[in-house]
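Hi,

Here is the structure I promised to pass on. Have a look at it first, and then read my notes below.

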Amino acid sequence: QVQLVESGGGLVQAGGSLRLSCAASGSISSINAMGWYRQAPGKQRELVARITSGGLIRYADSVKGRFTISRDNAKNTVYLQMNSLKPEDTAVYYCNAEWGSSWNRRDYWGQGTQVTVSS
């Protein structure tokens with residue numbers, strides 16, 4: 001089992017910045033990758049950024065150059081630095097952990113944190 005606790009969401013004006021944190025606990029040694037997803041009202045959940053245990057990073061095209069994903073292995077925490085925020089970034093942001101091997105792989109999710117960007 002893995003527990004993910006998110007923090008850092010809130011209300012910000014367009015052009016502003018926020019930093020999300022996701023602290024992982026439990027069976028973290030079997031986590032292969034962690035990432036951030038978001039879901040806006042009436043839309044499907046989408047990948048925002050992902051970082052593997054080997055340090056490979058992937059971003060959604062819509063956030064490239066504005067968002068940065070990073071991790072602190074000592075704290076078992078992944079961060080999402082969000083700069084130049086736009087109203088279209090408004091969504092509930094979820095932390096995700098990809099866990100296990102091919103035969104027992106599963107995803108863990110945080111509770112979600114609201115990010116609201118006003119115009």
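Some housekeeping first. This is a predicted model, so bear in mind that local features need pLDDT of at least 70 and side-chain atom pairs count only at pLDDT 80 or more, while totals for chains, interfaces and linings use all residues. Residues are numbered from 1 along each chain as its sequence is written, and side-chain values use heavy atoms, with hydrogens and water left out.

**The sheet**

Strands here are DSSP runs of E with at least two residues, numbered from the N terminus. Two of them pair if DSSP finds at least two bridges between them. On that basis there is an open sheet of four strands, in the order S1-S3-S8-S7, with antiparallel pairing. S1 (2-7) and S7 (67-72) are the edge strands; each has a single partner, so one side of each has no neighbour in the sheet. Direction ignored, neighbouring strands are turned by 15° against each other on average (axes are lines fitted to C-alpha atoms, and angles between N-to-C directions run from 0 to 180 degrees).

Going across the sheet, S1 pairs with S3 (residues 18-26) over six antiparallel bridges, and glutamate 6 has cysteine 22 in S3 as its bridge partner.

How much of S8 is buried? Five of its six residues are, so S8 is largely enclosed by the rest of the structure. "Buried" means under 20% relative accessible area, "exposed" over 50%, and "partly exposed" in between, using a 1.4 Å probe and protein chains only.

**The disulfide**

A search of the whole structure turns up one disulfide (cysteine sulfur atoms within 2.5 Å). It joins cysteine 22 to cysteine 95, with 2.0 Å from S to S. The two cysteines sit in distant parts of the chain, 73 residues apart: cysteine 22 in S3 and cysteine 95 in S9 (residues 91-99). The link is left-handed, with -80° about the S-S bond, and both cysteines are buried.

**Rings and charges**

There are two aromatic pairs. Rings of Phe, Tyr and Trp (its six-membered ring) count as a pair if their centres lie within 6.5 Å; planes under 30 degrees apart are stacked, over 60 edge-to-face, and the rest tilted.

- Tyrosine 37 and tryptophan 109 are edge-to-face, at 5.1 Å centre to centre with 70° between the planes. Tyrosine 37 is in S4 (residues 31-39) and tryptophan 109 in S10 (residues 106-109), so this pair ties together parts 72 residues apart in sequence. Tyrosine 37 is buried at 19% relative accessibility, whereas tryptophan 109 is partly exposed at 36%.
- Tryptophan 99 and tyrosine 108 are edge-to-face too, at 6.2 Å and 85°. Tryptophan 99 is buried, at 14%, and so is tyrosine 108, at 6%.

Arginine 45 lies over the face of tryptophan 109, 4.6 Å from the ring centre. The charged end of arginine 19 is over the ring of tyrosine 79, at 4.0 Å from its centre.

**Single residues**

Most residues other than glycine have a negative phi. Asparagine 76 has a positive one of about 55°. S7 and S8 form a hairpin with four residues between them, and asparagine 76 is in that turn; at 32% relative accessibility, asparagine 76 is partly exposed. Serine 84 also has a positive phi, near 50°. Serine 84 is in the loop between S8 and S9 and is partly exposed, at 40%.

Finally, glutamate 98 is in S9 and is buried at 10% relative accessibility. Its side chain makes a polar contact of 2.6 Å with that of arginine 50. A polar contact is a pair of N or O atoms within 3.5 Å; within protein, one must be able to donate a hydrogen and the other to accept it, and residues adjacent in sequence count only if both atoms are side-chain atoms.

Cheers

Definitions and conventions:
A charge sits over a ring if NZ of Lys or CZ of Arg is within 6 Å of the ring centre and within 35 degrees of the ring normal.
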